[in-house]
Amino acid sequence: MATLLYTIFGITAGASLHCAQRREISPCTCAPHETYPNTIQVTCERMDNFTQVVHALENRLPNTPEINIWLKITHSNLIDLENATFAEMNMNIKNLKLNHNNLTQLPVSTFISLGRTEYLSLSDNNFDEVPRDIFSHMPNVGTLDIARGRIRRINKDDFKALPNLGTLVLATNQIDSIDNGSFPNKIFNLHLGHNKIPSLNGTVRELRELRTLFINVNELTSLEDELPETANLIMILANRNRIKAFPKSFKNLGDLDTLYFEKNELTSFDGLLKHMKKLQRLYVSENKIEYLAEDEFKDARNIDELQMARNHLVSLNNSLLNIRHLRVANFSYNHLTTFSLKEIDGLRKLRVLDLSHNKIVLLKSKIENVIDSNNEIISSSLLYELRLNHNLLKSLDKALVGLNNLRILNLAHNRLISLTADDFMKMEELEHLDLSHNYLETLSGMSEAFLPSLETLNASFNQLTVMEKDFYGLPVLCTADLSNNIIKHISINLVAQTRCSNHGVPNKLKIYLQENPVLCADNLPELVGAMEMRFARLIGVAHCIVPQQIVDPSLNMQPPIPLQQMMKPQSIGVSPILQPMEPPPSIVQIIVPAALIQETVTATNNNNETSQHMDDKTIDENSLKNDTISEISIQNHANFTQETSEENHAVNNKKEENDTIHSHETEIDSNVDSNDTNSKLAQDIPAEKSIDESIIEEIPETDPIQEFNKIPTPQEAPYPPLSLPEILHEVLPQPQRTHASLEVTENEDEDGLPVQHDAEIPHEEQPSIQEDDESEDEMSKDLLQDTLPESPS
């Protein structure tokens, strides 16, 4: 035994020693294989000719049966292949790769004495036909890869000289014809994907050892009488064809465990999946399936993942109840109008259910919990994530009661008007709730619900107006997105019973209030300070519309409102000097004079008469002269006053010059629609600012940010379209960018705006659909990892 170990160690050490002497085989390189013992990997890239390769490797590596050489020659000029042979290298080549060399043909003499080679890759070349003449010198090849070439036809004798061929890859060629009997009977992995094959022509039917068949991205319309009726076939990848029905031979393929038939023209399963007891993965998204029979999966209890998105289903018809091992089910983008949780009753392994992008108007029934022998209530559902976004729900009506283990619930883009505490009864594990893009006017029902694990709440793009005690039942909430509502008042009691905690570590609750009137209220400093004392931070940017007489030079020169006294609560027993410095709140107010918006409309009309005499550069200069947008940030920076004064002095000078030139444009036309205002924000301006009510009444109810982007292009008006990031970057000097305190976190973009997205689940549980040829090819590579070995079995 010791002698054997010493011998193995000596061989490995010898191989490593040869690889260490890289100068001997330069410009080629070598290294011991990390997985396979007694194996040396030799790589030659960008070689000038084949003779150079031979001279570099000739007699440089051991030529013994115990040492296996894996030789790879890529991206080289091998036009002189006929001038040398692999035999001259004098080594035991077990694995040979000739990739990306623009080869069109192979001289037979070069491949003499490769009788030990078991793996041959000729992919990524320009072969018009299979180079079958060289195979007579390589009878032991078990894996052959000729993918990504220009082969158009497979002839009957192409692989006749390879009796031991087990894996054949002909993917991504231009094959449109296959002779009957072309493939050796011992093939067990066959990849014909990404070609132009209209029919298999009976070539696969006789392959009794076949285990995996890849025929994706072809022009097949039927597989009837094309598949071998043996128990060996376990996987078929047939995505992106025009197949209209499953072949009847499926009844006899009892070992099938994976079926990929996405992007075909299937209309039903015809009862052919009833008895597939070993089927685990079924992917049939993007077909035309309209109906599922109640016993569709009668004996297919082991299906783990079911992907049926983008079909024409109107009902599930209790078809899932027999799939006891179902873990992921995707029925998005169908035509479902109602859904009953009875459809998944008893499926205790189901973790993800996707019903998004349907037309569901009603959720029926609820899951009844069961009582164990100890009289304890046990949830009959272990569902982890439920996706109901993009439907037509107006209420939940307690239909989700019983989903006690739910952690992610997506109800975005529905028509919800109100919610009650009973809608979330016993959802003590819920962590992420998305209610965005609905018609909710209040979240008061949430105050009576108890969601002890909820960390993220997205209620943006609703019609919320007042926030009082809505977070009372959310003790560990850390992120609340309330942006793009019409919130006018927020009570300090909102967060009285909430303290953000990340895995037991206290943190601050972040409340996003983008474009809400409350950000323009006079009591905003007091509100921010009070929230900071309660460990909550307000974040957002708002356009605050005020009449022009309120916007004077002194407004822009006012220093930021100091809030440090309110923001830093004193800890008992801790010196104020030792108190950690809190960053200022991330709130930005953009002051937009109402008169400026009227001037924009007037200038647009006048510009139509003179635009042919003005170039784009002049237009942009006039635009900037009239922009008096300023940013008032709630924080304390010592140098703010001086920098802001200098900026506004220059802006006011330009404004006076422009007013002299365009004096006839400065009158406000009260009958003209203004383009960049928001009446909901304007109505919240305090009365003591002497607002001209006649101006406010004429402000249309539009979104200021959207209307800024709708300003005519420079050819039409002297005001170029400005988005919010452009306003913040271009109108304001860069050195003052820091005073805005836009807090960039994982929930904000680089401009400080909250990023809205649906809650995500761990990557391994995300159902996905292949969308293009490239992703299809990547999937094929992943599936072939175990079926396309680089070393002989």
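This is a predicted model: local features need pLDDT of at least 70, side-chain atom pairs count only at pLDDT 80 or more; totals for chains, interfaces and linings use all residues.
**Exercise 1. Find the buried residues of helix α2 and work out how they sit around the axis.**

Start with the list. Helix α2 spans residues 50-57, and its buried residues are F50, V53, V54, A56 and L57. They cover an arc of only 165° around the axis, which puts them on the same side of α2.

Finish with the two ends. At the start of α2, a side-chain oxygen of N49 comes to within 3.3 Å of the backbone nitrogen of T51. Just after the helix, N59 has a positive phi of about 60°.

**Exercise 2. Take the disulfide between C28 and C44 and work out its handedness and which parts of the chain it links.**

First, check the bond: the sulfur atoms of C28 and C44 are 2.0 Å apart. Then turn to the torsion. It comes to 115° about the S-S bond, and this link is right-handed.

Now place the two ends. C28 sits in the loop between α1 (2-20) and β1 (29-32), while C44 belongs to strand β2; the pair links distant parts of the chain, 16 residues apart. Both C28 and C44 are buried. While you're in this stretch, have a look at C30 too: with a relative accessible area of 2%, C30 is buried.

**Exercise 3. How many disulfides does the structure hold, and what pattern do they follow?**

Count first: there are 3.

C478 is joined to C500, S to S 2.0 Å. The torsion about their S-S bond is about 95°, so this disulfide is right-handed. C478 is in the loop between β26 (466-467) and β27 (479-481), and C500 is in the loop between β28 (489-490) and β29 (501-502), 22 residues apart. C478 counts as buried at 9% relative accessibility, and C500 is buried at 1%.

C520 is joined to C544, again with S to S at 2.0 Å. Here the torsion is -90°, and the link is left-handed. C520 lies in the loop between β31 (509-512) and α4 (524-533) and C544 in strand β32 (residues 536-546), so the pair ties together parts 24 residues apart in sequence. C520 counts as buried at 5%, and C544 is buried at 3%.

How values were computed: Residues are numbered from 1 along each chain as its sequence is written. Side-chain values use heavy atoms; hydrogens and water are left out. Buried means under 20% relative accessible area, exposed over 50%, partly exposed in between (1.4 Å probe, protein chains only). Helices (H or I, at least four residues) and strands (E, at least two) are DSSP runs, numbered from the N terminus. The arc is that of the directions from the helix axis to the C-beta atoms. A polar contact is a pair of N or O atoms within 3.5 Å; within protein, one must be able to donate a hydrogen and the other to accept it, and residues adjacent in sequence count only if both atoms are side-chain atoms. A disulfide is a pair of cysteine sulfur atoms within 2.5 Å.
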